[in-house]
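Please read the points below alongside the sequence and the structure.

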Amino acid sequence: TARATLGGALSAADSVGGPLGVELMARAREGFAQGLEMTAVIGAAVVLAAAVAAVMTLRRVAWQGGSS
């Protein structure tokens with residue numbers, strides 16, 4: 001369907017045709033790109049948080065291990 005996938009939206013836009021179809025194609029591509037960008041930003045934030053947590057955990061382990 002047009003709401004579920006980019007391919008569905010492009011197919012619907014193709015069947016509409018004319019200026020409305022062109023506008024629908026542009027909006028579908030823009031929405032897809034924005035969704036992809038947001039997913040990448042969230043993924044990067046999760047990876048960064050995991051890296052910070054790993055560094056903090058490893059520092060604690062190394063510090064405790066060095067004093068024993």
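How many helices and how many strands are there in the chain? The chain holds 2 helices and 0 strands. The model is predicted, and every value below is computed from it. Of the 68 residues in the chain, 7% are buried.

**Overall surface**

- The chain exposes about 5,500 Å², of which carbon and sulfur atoms supply 68%.
- A nonpolar surface patch of about 380 Å² is formed by Met 38, Val 41, Ile 42 and Val 46.

**Helix H1**

- Helix H1 spans residues 6-16, and its buried residues are Gly 8, Ala 9 and Ala 13.
- Viewed down the axis of H1, these buried residues fall within an arc of 135 degrees, and therefore they line one face of the helix.
- The face of H1 turned away from the buried side carries the exposed residues Asp 14 and Ser 15.
- Gly 17 follows H1 and has a positive phi, near 70 degrees.

**The segment before H1**

- Thr 1 is located in the segment that precedes H1.
- Thr 1 counts as exposed because its relative accessibility is 72%, where the cut-off for exposed is over 50%.
- When neighbours within four places in sequence are left aside, Thr 1 is in contact with Gly 8 and Ala 9; both of these residues are among the buried residues of H1.
- The C-alpha atoms of Thr 1 and Ser 11 are 8.7 Å apart in space, while the two residues are 10 apart in sequence.

- Side chains of opposite charge can pair when their charged atoms come close.
- In this model the count comes to 1 salt bridge.
- The side chains of Arg 27 and Glu 23 meet in a salt bridge, with an N to O distance of 2.7 Å.
- Both Arg 27 and Glu 23 lie in helix H2, where they are 4 residues apart, about one turn of the helix.
- Arg 27 is classed as exposed because its relative accessible area is 55%.
- Glu 23 has a relative accessible area of 37%, so this residue is classed as partly exposed; that class lies between the 20% and 50% limits.

- With a relative accessibility of 41%, Ala 26 counts as partly exposed.
- Ala 26 and Leu 10 are 16 residues apart along the chain, and their C-alpha atoms are separated by 9.0 Å.

Notes:
Residues numbered from 1 in each chain as written. Predicted model: local features only at pLDDT ≥ 70, side-chain atom pairs only at ≥ 80, totals over all residues. Heavy atoms only, no water. Patch = residues over 30% accessible without salt bridge, like charges linked within 9 Å, V, L, I, M, F, W, Y side chains within 5 Å. Areas by Shrake-Rupley, 256 points an atom, 1.4 Å probe, with all protein chains shown as cover. Salt bridge = Lys/Arg side-chain N within 4 Å of Asp/Glu carboxyl O. Buried < 20%, exposed > 50% of the residue type's maximum accessible area, 1.4 Å probe, protein only. Arc of directions from axis to C-beta. Contact = heavy atoms within 4.5 Å.
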